Amino acid sequence: MAYFTSPDITLGAKLLEVIYIAMGLTALYTGVKNAVDKDNPSRFGTGFFWCVLGIVLAFGRWIPSVINGGLIILMTIPAILKKVKIGKSEVLPEEYVNQMSEKIGMKIFAPALAIGISAIIFAVFLPDLGAIVGVGAGIVVSMIILMFLSRDNKPAVFLRDSERLLSTVGPLSMLPMLLASLGAVFTEAGVGQVIAGLVERVVPKGNVNLGIVIFAIGMALFTMIMGNAFAAITVMTVGIGAPFVLSYGADPAVIGMLALTCGFCGTLCTPMAANFNVVPVAMLDMKDRFGVIKNQLVPAALIFIFQIVYMILLK
């Protein structure tokens with residue numbers, strides 16, 4: 001409780017911690033439900049994985065770093081051994097699904113829109129709280145909207161569906177967080193400076209256009225490796241963007257925005273971006289594991305070329 005009553009901690013940080021606690025408790029519920037589910041072929045491994053993840057998410061701030069690290073390492077064991085599986089899942093009757101589809105119609109997109117709008121409002125008008133807190137507030141608003149859309153949407157429904165989604169995605173749900181952390185680790189380790197030293201041998205000083213091209217290519221490639229453009233841009237900006245593009249007067253708003261978009265083109269082409277390219281395969285039970293990526297390669301290449309030209313013209 002000292003963390004939440006401390007005057008030195010901002011309100012945004014406190015609210016963000018509440019969101020992490022809610023995420024952790026949801027993961028704990030997922031673990032307990034699967035552990036007692038006799039229909040789950042790996043109920044103990046599944047329960048262990050989600051319970052440990054829940055403990056780290058909800059209470060990690062108050063657990064020593066060494067213990068947190070040890071728990072994360074232990075958590076990976078059942079995932080590596082493929083002992084994290086989905087158990088029994090309730091399937092709604094097809095008649096009920098069709099009935100609700102006709103009743104709600106396009107209004108089903110209102111909750112998702114509420115999350116995006118809430119994040120923008122918090123980012124623009126409440127910067128001290130931050131966009132992530134805005135996403136959390138948007139989720140609460142979306143739950144309220146769903147309750148208005150149907151009286152069947154009670155709190156227990158949201159909890160069960162959260163568990164079902166986590167169980168369906170499995171350990172891959174952790175990949176975005178781990179890859180985002182990897183970007184910070186790479187930056188701290190000085191990978192950006194190493195890349196700057198290598199690029200300096202190729203790019204003549206003052207050739208901003210060539211610097212932009214290499215920056216864009218580096219963003220796409222690093223995103224394909226790390227699976228996350230937000231993780232890649234920290235390393236690429238330190239290594240290429242700042243010394244070879246921004247230092248020569250290029251508009252940082254334009255370069256930063258379009259370089260991130262170039263990274264997103266890499267996102268479309270890599271299985272490391274699990275939430276985009278692996279989760280849909282699992283949820284749709286696609287036979288081709290790389291089916292999503294194959295259908296995105298050509299659009300990604302076209303968008304990538306356009307972004308480079310656009311960046312050079314508006315620099």
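How many aromatic pairs does the count come to? The count comes to 5 aromatic pairs. The model is a predicted one.

1. **Tyr-3 and Phe-4.** These two residues form an edge-to-face aromatic pair. Their ring centres are 5.5 Å apart, and the planes stand at 90°. Tyr-3 is buried because its relative accessibility is 13%, under the 20% limit. Phe-4 has 25% relative accessibility and so counts as partly exposed.

2. **A cluster that includes Trp-62.** Which residue forms one aromatic cluster with Tyr-3 and Phe-4? Trp-62 does.

3. **Phe-49 and Trp-50.** This pair is also worth a look. The ring centres of Phe-49 and Trp-50 lie 4.9 Å apart. Their planes meet at 85°, so the pair is edge-to-face; the cut-off for that class is over 60 degrees. Phe-49 is buried, at 2% relative accessibility. Trp-50 is buried too, with a relative accessible area of 1%.

4. Side chains of opposite charge can pair when their charged atoms come close. The structure holds 4 salt bridges.

5. **Arg-61 with Glu-17.** Where do the two partners lie? Arg-61 is in the loop between helix H3 (43-59) and helix H4 (65-80), whereas Glu-17 is in helix H2. The pair therefore ties together parts that are 44 residues apart in sequence. Glu-17 counts as buried, at 5%.

6. **Asp-161 with Arg-164.** Asp-161 is partly exposed, with a relative accessible area of 37%. Arg-164 is partly exposed as well, with 35%.

7. **Asp-288 with Lys-294.** Asp-288 is partly exposed, at 32% relative accessibility. Lys-294 has a relative accessible area of 52% and so counts as exposed, the limit being over 50%.

8. **Helix H2 against helix H8.** Two packed helices are described by the angle between their axes and the distance between the axes. For H2 (residues 11-35) and H8 (residues 155-169), the axes come within 9 Å and cross at roughly 75°. The two helices are therefore roughly perpendicular to each other, as angles of 65 to 115 degrees fall in that class.

9. **Who makes the H2–H8 contact.** H2 contributes Thr-26, Ala-27, Tyr-29, Thr-30, Lys-33 and Asn-34. H8 contributes Leu-159, Arg-160, Ser-162, Glu-163, Leu-166 and Ser-167. How do the residues of this contact divide by type? There are 4 nonpolar, 5 polar and 3 charged residues.

Definitions and conventions. Residues numbered from 1 in each chain as written. Predicted model: local features only at pLDDT ≥ 70, side-chain atom pairs only at ≥ 80, totals over all residues. Heavy atoms only, no water. Axes fitted to C-alpha atoms, helices over the stretch in contact; angles between N-to-C directions. Helix = DSSP H or I, 4+ residues; strand = E, 2+ residues; numbered from the N terminus. Parallel < 35°, antiparallel > 145°, perpendicular 65-115°, else oblique. Contact = heavy atoms within 4.5 Å. Nonpolar A, V, L, I, M, F, W, Y, C, P; charged D, E, K, R; others polar. Phe/Tyr/Trp six-rings, centres within 6.5 Å; stacked < 30°, edge-to-face > 60°. Buried < 20%, exposed > 50% of the residue type's maximum accessible area, 1.4 Å probe, protein only. Salt bridge = Lys/Arg side-chain N within 4 Å of Asp/Glu carboxyl O.
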